[in-house]
Amino acid sequence: LLEAPWDPQLLEFPSCTTVLAPDKRTVLFNGLRVRMGMHTGEADVEFCAETLKADYFGQTVNCAARVAALASGGQILLGLETVEALSITSPHEPSFELQPLGPFKLKGIAREKEIYHLAPYELRERMFPPVCPPVTTNWTTSEVQRCDRCSR
């Protein structure tokens, strides 16, 4: 995405502008910013005979979606299970840094999950706001649940 030929009109949006590192040579952000969250585990799958496509669901998929919801655009977050799988299966020297962010309570997940920020070495100068659970509202009572980690 950093090297994609984005439409100049898209790059005019504040959330899509090109951002350079202090060295003025390294592109940190350019165009759309995708937020990513990864969780490792077994998912349930159903195949549709009509479309020949698979539908994945269950606790693992739900947890991955909740981890992704914590991320900002351009940020990669991992659950502890994924971090452990990376350290077991990778025979190469890593090309990234892992920064522990602490435990988070994720909606629909019984236990708190340890969350890590993955920063590729080339992009480790990227800056992100604090990771916070999404603000939620109980529509029955109009009560807003605020993040206790930041002022949101």
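**Close-up views of a predicted model**

**View 1. Strands β7 and β8 pair in the antiparallel sense.** Strand β7 (residues 96–104) and β8 form 8 bridges in an antiparallel arrangement. Strands pair here if DSSP finds at least two bridges between them. Strands (E, at least two residues) and helices (H or I, at least four) are DSSP runs, numbered from the N terminus. The model is predicted: local features need pLDDT of at least 70, side-chain atom pairs count only at pLDDT 80 or more, and totals for chains, interfaces and linings use all residues. Residues are numbered from 1 along each chain as its sequence is written, and side-chain values use heavy atoms, with hydrogens and water left out.

View 2. I76 has L118 in β8 as its bridge partner. Of the 8 residues of β8, 6 are buried, so the strand is largely enclosed by the rest of the structure. Buried means under 20% relative accessible area, exposed over 50%, and partly exposed in between (1.4 Å probe, protein chains only).

**View 3. F29 and F128 form an aromatic pair.** The count is 1 aromatic pair. The ring centres of F29 and F128 are 6.0 Å apart and the planes stand at 85 degrees, so the pair is edge-to-face. The pair links distant parts of the chain, 99 residues apart: F29 is in strand β2 (residues 27–29), F128 in the loop between β8 (113–120) and β9 (136–138). Rings of Phe, Tyr and Trp (its six-membered ring) pair if their centres lie within 6.5 Å; planes under 30 degrees apart count as stacked, over 60 as edge-to-face and the rest as tilted. F29 is buried at 9% relative accessible area. F128 is partly exposed at 21%.

**View 4. R126 lies over the face of F29.** The distance to the ring centre is 4.4 Å. A charge sits over a ring if NZ of Lys or CZ of Arg is within 6 Å of the ring centre and within 35 degrees of the ring normal.

**View 5. S72 touches R35, F128 and P129, not counting residues up to four places away in sequence.** Contact means heavy atoms within 4.5 Å. S72 is in the loop between α1 (59–70) and β6 (76–79). S72 counts as buried, at 18% relative accessibility.

**View 6. A68 lies in helix α1.** A68 is buried, at 18% relative accessibility. Its contacts are R35, M36 and G37, leaving out residues up to four places away in sequence. A68 and M36 are 5.0 Å apart, C-alpha to C-alpha, yet 32 residues apart in sequence.
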